[in-house]
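Work through the exercises below with the sequence and the 3D structure at hand. Each task is followed by a worked solution.

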Amino acid sequence: MISVNDVHKSYTRNKETIKGVSFEVKDGMIFGLLGPNGAGKTTLMQMISTLLSPTSGSITIDGLNAKDNLLEIHKRIGYLTTEVRLDPMSTPDKLWDFFGELYGIPREQSLARKEELFGKLGIMPFKDKRINELSTGMKQKASIAISLIHNPPVIIFDEPTNGLDILTSKQVTDYLLELKNEGHSIILSTHIFSVAESLCDEIAILVDGRIVAQGDVESLTRQSEAKNFEEAFFKIYVEHHVEE
Amino acid sequence: MRGLLIIIRWEISRIYSNWRRAVATFVIPAAVMMVALCIFPYLINYMLTGSVSEKPVTIVNAPDTFIEYIEQTKGTTVYTYNSMPEEEFTELWESGEVVKQLKSGTLFVIFNSNTHSVYVGCNGNSSIAVSKAESFMEVVMDPFNDSLAAQGQIVYSMDGFNPVTKLLDYRSGANFGAARVIPPVIVLLIYYCIYSLTSDMFASERDRGFYDKLLMTPVSPKSIMLGKIIASTILVTGASYITFIFLFISSWLNRSNSSTSLIPFGLFLLPDQLAVIAVVIPVTAFLCAAICVNIIFSIRRMQDVILNLQMPLIYLMADLFYQIFSVNPGWLEFTIPVHGSIAVIKAVFLSEYKAWQLICLLVSSIGFTILLLNKTFKKEGYNR
């Protein structure tokens with residue numbers, strides 16, 4: 001379970017990027033963070049992933065905090081962002097072996113997991129090709145596979161389908177649902193309404209570093225008296241966004 | 001520790017598994033150094049005399065014995081000769097042509113048959129021309145005079161290179177010449193290699209987001225950073241040793257004894273001297289890596305990182321010029337990180353090396369490295 005309690009983050013003294021965010025994500029649940037660019041989604045995801053420290057507040061993964069249990073938390077988290085570009089001269093296969101060693105996965109177990117995950121994501125045909133010879137979709141699949149090498153109970157995906165064609169995008173979203181059904185807790189940030197609607201059990205709308213609305217798609221639409229979720233989002237956004 | 005070793009192995013294998021990267025790391029630095037050492041004398045020659053090529057020696061009023069001598073020794077020295085009688089020289093002198101040629105680097109060797117003396121004329125404002133004149137007197141005139149004195153007028157024998165008797169003579173001259181240039185060039189190359197490796201291992205990976213992916217593994221961030229620093233140190237140390245081997249081979253293949261050569265014939269270091277240099281290189285590489293990492297993690301924008309990483313290169317270029325014109329390093333120089341490495345290698349080449357110099361360097365370099373790494377760890381929150 002992921003627990004975020006009154007988290008604040010400031011990069012400069014006068015401006016807060018995240019202003020007191022709290023939420024919980026239970027096992028077997030997909031939690032969506034929806035918001036425009038600059039709302040603080042990536043900062044929040046990076047804090048949950050321990051890449052950034054909150055200025056105040058606390059984040060725990062299965063009751064563990066990053067300050068005291070950093071490496072233990074890393075064993076439980078798989079973090080993926082579309083911004084990651086793998087080493088261009090390596091191959092998915094070599095990268096897998098390297099990360100397998102870093103995670104301390106026994107060789108045989110690592111090979112079995114590679115077989116399973118590469119097969120599921122369709123990586124096998126290009127596993128020995130260099131990263132710089134792969135298409136965006138192939139690179140993204142390789143990146144997803146490597147992020148999930150240790151079968152983490154908590155998965156954090158920042159814009160998982162960004163820049164992907166519809167076929168690869170479908171493959172990724174199907175896989176996310178499969179992971180959810182296996183009991184993984186998933187947080188994903190997106191600005192694609194269809195992804196949020198089809199995947200997320202609960203959605204938090206982030207505006208200017210604050211969660212201004214939270215609930216499932218139906219309740220958010222109902223509360224905003226909108227015709228659909230997209231309209232609900234815009235209504236909520238206009239209501240809470242403050243021009244600087 | 002396990003994570004540290006995995007990172008080191010990965011980073012080194014990344015270089016080996018790609019021939020372009022391997023060539024760029026191991027061969028290009030050595031090749032650049034060789035090219036620089038070959039081009040630099042011409043550059044200095046041009047700056048001082050306005051002429052790129054070496055000018056021939058003009059001999060005036062030379063006796064037959066000397067003409068025969070230079071005929072017999074043709075090809076064993078770098079000199080080529082123009083010969084002219086005294087009358088022609090006088091005409092040239094009056095027309096101002098002699099001064100012109102002197103300024104462009106020509107040596108004039110004027111024989112006076114009445115006083116049995118030889119005058120070697122050169123441009124006194126040019127250190128290259130002066131050293132060329134000194135070298136000419138040493139390499140050509142001394143054996144000529146010796147042979148005349150010992151054997152009479154015509155019969156003499158060429159004093160060929162004898163590795164037993166001449167080795168140490170050549171060595172002292174070669175090492176002294178090399179001491180001005182090789183230490184700063186070696187350190188410059190170490191920094192350059194470290195700069196290119198760390199900008200790939202840290203700056204590019206951070207820019208690609210790959211560094212964050214490594215930080216998300218259950219390996220401590222300190223181990224990841226240290227692993228990469230140690231890998232770059234190992235690679236650059238290997239590359240520097242290869243450069244050094246190139247350097248020695250070049251020196252022993254260079255049979256010209258040209259006074260302007262920066263890798264003169266007979267460069268020679270004893271095992272204990274080589275051991276000192278073998279210690280200084282990795283310590284310097286590790287320090288340079290700590291400097292580069294500190295710069296990379298102080299700045300976020302990739303363009304600014306590259307620009308700031310190039311700043312120490314400017315300092316090292318300035319140090320290179322300082323070393324060309326300075327002689328023995330002062331005691332304080334051994335305590336300055338990076339510069340101290342140049343000073344110790346220079347002292348080794350000059351056979352002036354003392355153990356305290358290396359101790360000063362190790363204390364200051366390792367201390368400064370630890371300071372920089374701690375600062376970087378603290379800034380990145382790796383101490384938490």
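**Exercise 1.** State what share of the residues of chain A count as buried.

Solution. A residue is buried if 20 or more other C-beta atoms, placed from the backbone, lie within 10 Å of its own. In chain A, 44% of the 244 residues count as buried. This is a predicted model, in which local features need pLDDT of at least 70 and side-chain atom pairs pLDDT 80 or more, while totals for chains, interfaces and linings use all residues. Residues are numbered from 1 along each chain as its sequence is written, and chains are lettered from A in the order in which they are written.

**Exercise 2.** Find the order of the strands in the open sheet of chain A.

Solution. Strands are DSSP runs of E with at least two residues, and helices are runs of H or I with at least four, both numbered from the N terminus. Two strands pair if DSSP finds at least two bridges between them. Four strands of chain A follow the order 2-1-4-5, with antiparallel pairing. Strand 2 (16-25) and strand 5 (64-65) of chain A each have a single partner strand, so one side of each lacks a neighbour in the sheet. Seven bridges join strand 1 (residues 2-10) of chain A to strand 2 of chain A. Within this pair, A:H8 lies opposite A:K19.

**Exercise 3.** Count the residues that each chain brings to the contact between chain A and chain B.

Solution. Residues are in contact if their C-beta atoms, placed from the backbone, lie within 7 Å. Chain A brings 22 residues and chain B 18 residues. On the chain B side, helix 1 (2-16) and helix 10 (210-215) each supply at least two residues.

Note on methods. Two residues are in contact if their C-beta atoms, placed from the backbone, lie within 7 Å. A residue is buried if 20 or more other C-beta atoms lie within 10 Å of its own, exposed if 12 or fewer, and partly exposed in between; C-beta atoms are placed from the backbone.
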